[in-house]
Amino acid sequence: MKRVTPGGVPRFERRLRRWYTRWVRPRLSRELDLQRVKLCYFALDYWPLLRVRTIGLRDRLELVARFLRIDWYVLHSHRPREIAQVCAALAARPARPGEVMVEAGCWNGGSSAKFSLMCRLLGYRLRIYDSFQGVEPRDAAVASEEYEYDFSGEYAASDATLRRNLERFGAAEVCSIHPGWFETTLARAPVPDVVRAVFIDCDGAKGTREVLLGVIPSLARDGVIFSQDFHIPSVRELLQDARTWERFGRGVPRIERLGRHLAAVRLWAYAEHRVLRDRRRVRERRMGERRGADRRVAARRA
Ligand SMILES: C[S@@+](CC[C@H](N)C(=O)[O-])C[C@H]1O[C@@H](n2cnc3c(N)ncnc32)[C@H](O)[C@@H]1O
């Protein structure tokens with residue numbers, strides 16, 4: 001049985017962390033080298049992916065091998081366990097026609113490359129949103145209200161870096177990239193496809209709120225939203241506040257904490273109506289246009 005300390009971290013892991021901080025960290029200056037060292041311990045956390053039944057064993061083994069390759073070459077800010085949990089939830093069923101996964105906050109594309117591989121196996125497309133200017137500068141009001149680490153400007157990477165990593169390590173052909181602050185992309189208009197899963201990793205409550213505006217109206221019946229920022233007090237408060245969800249009219253969601261950083265948010269009532277209604281409207285408009293064109297051709301012939 002695992003011995004767990006009151007903080008929820010297994011005792012062995014706490015010892016290992018102390019040892020790492022004392023002996024490894026001071027000796028390695030490159031973040032990527034540190035990530036490689038940590039992989040020796042965390043790689044085993046990919047094991048839930050080997051149990052996913054919706055894809056064949058060979059694909060599962062290849063997937064884990066490719067994830068490890070990404071961990072080796074691309075600096076990222078997640079742990080294998082977190083990605084494995086998100087991918088396992090996505091793999092609960094293959095995609096229905098036109099369904100997508102949304103990633104909000106990609107940095108160098110380490111998580112994006114992994115999600116793209118999983119999406120390709122299951123038939124989803126991956127929509128990636130990022131400012132490509134790092135974490136949005138924090139609201140002065142929030143900054144003065146409480147003590148919280150300020151990530152402003154951190155994790156800036158170019159879209160060229162993302163594209164390169166997707167092409168080299170992921171499945172670029174299933175991805176679309178949407179550059180810009182979330183307030184000008186996701187918050188402006190709901191995602192035009194049915195969204196099956198969302199991964200939010202933007203280090204701020206404002207960004208998280210804007211992502212919700214874009215994804216919830218398009219969320220699939222069994223859609224799930226993952227926040228990788230649940231350790232940040234203002235993000236946690238936002239997600240746990242009933243008022244956040246009032247505007248969507250679908251009740252208060254069930255939030256399950258899956259780790260120190262990761263939480264899964266599931267809405268009971270589903271939200272496919274709007275997207276489907278819009279799609280129907282587009283189809284009707286197209287048919288109307290076609291009928292009008294036919295009438296004009298017939299009138300000209302007469
Ligand atoms: C922690 S990094 C993402 C890490 C990545 N998911 C991974 O696992 O390696 C946060 C990302 O969110 C983006 N970001 C933060 N706030 C944003 C906002 N308001 N609009 C658009 N992008 C934002 C940053 O540019 C950055 O790439």
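## Close-up views of a predicted protein model

**View 1. Helix 8 meets helix 9.** Ala-205, Thr-208 and Arg-209 of helix 8 are in contact with Ser-234, Val-235 and Leu-238 of helix 9; contact here means that the C-beta atoms of two residues, placed from the backbone, lie within 7 Å. Sorted by class, the residues of this contact are three nonpolar, two polar and one charged. Nonpolar covers Ala, Val, Leu, Ile, Met, Phe, Trp, Tyr, Cys and Pro, charged covers Asp, Glu, Lys and Arg, and polar covers the others, Gly among them. Two packed helices are described by the angle between their axes and the distance between the axes. For helix 8 and helix 9 (residues 233-240), the angle is about 35° and the axes are 8 Å apart. Axes are lines fitted to C-alpha atoms, for helices over the stretch in contact, and angles run from 0 to 180 degrees between N-to-C directions.

A word on the model: it is predicted, so local features need pLDDT of at least 70 and side-chain atom pairs count only at pLDDT 80 or more, while totals for chains, interfaces and linings use all residues. Residues are numbered from 1 along each chain as its sequence is written.

**View 2. Val-211 in helix 8.** Look for Val-211 within helix 8 (residues 205-215). Why is Val-211 called buried? Val-211 is buried because 27 other C-beta atoms lie within 10 Å, and the cut-off for buried is 20 or more other C-beta atoms within 10 Å of a residue's own, placed from the backbone. Leaving out residues up to four places away in sequence, Val-211 touches Ala-104, Phe-182, Leu-186, Val-198 and Ile-200. Glu-183 is 28 residues from Val-211 along the chain, yet their C-alpha atoms are separated by 8.2 Å.

**View 3. Helix 4 beside helix 5.** The axes of helix 4 (residues 80-90) and helix 5 (residues 110-122) come within 10 Å and cross at roughly 20°. That angle makes the two helices roughly parallel, a term for angles under 35 degrees. On helix 4, Ile-83, Cys-87 and Leu-90 meet Ser-111, Lys-114, Met-118 and Leu-122 on helix 5. This contact divides into five nonpolar residues, one polar and one charged.

**View 4. Around the ligand.** Which residues are closest to the ligand? They are His-76, Gly-105, Ser-111, Ser-131 and Gly-207, among 21 residues that surround the ligand; a residue counts if its C-beta atom, placed from the backbone, lies within 6 Å. By class, this shell has seven nonpolar, ten polar and four charged residues.

Conventions: Helices (H or I, at least four residues) and strands (E, at least two) are DSSP runs, numbered from the N terminus. A residue is buried if 20 or more other C-beta atoms lie within 10 Å of its own, exposed if 12 or fewer, and partly exposed in between; C-beta atoms are placed from the backbone. Angles under 35 degrees count as roughly parallel, over 145 as roughly antiparallel, 65 to 115 as roughly perpendicular and the rest as oblique.
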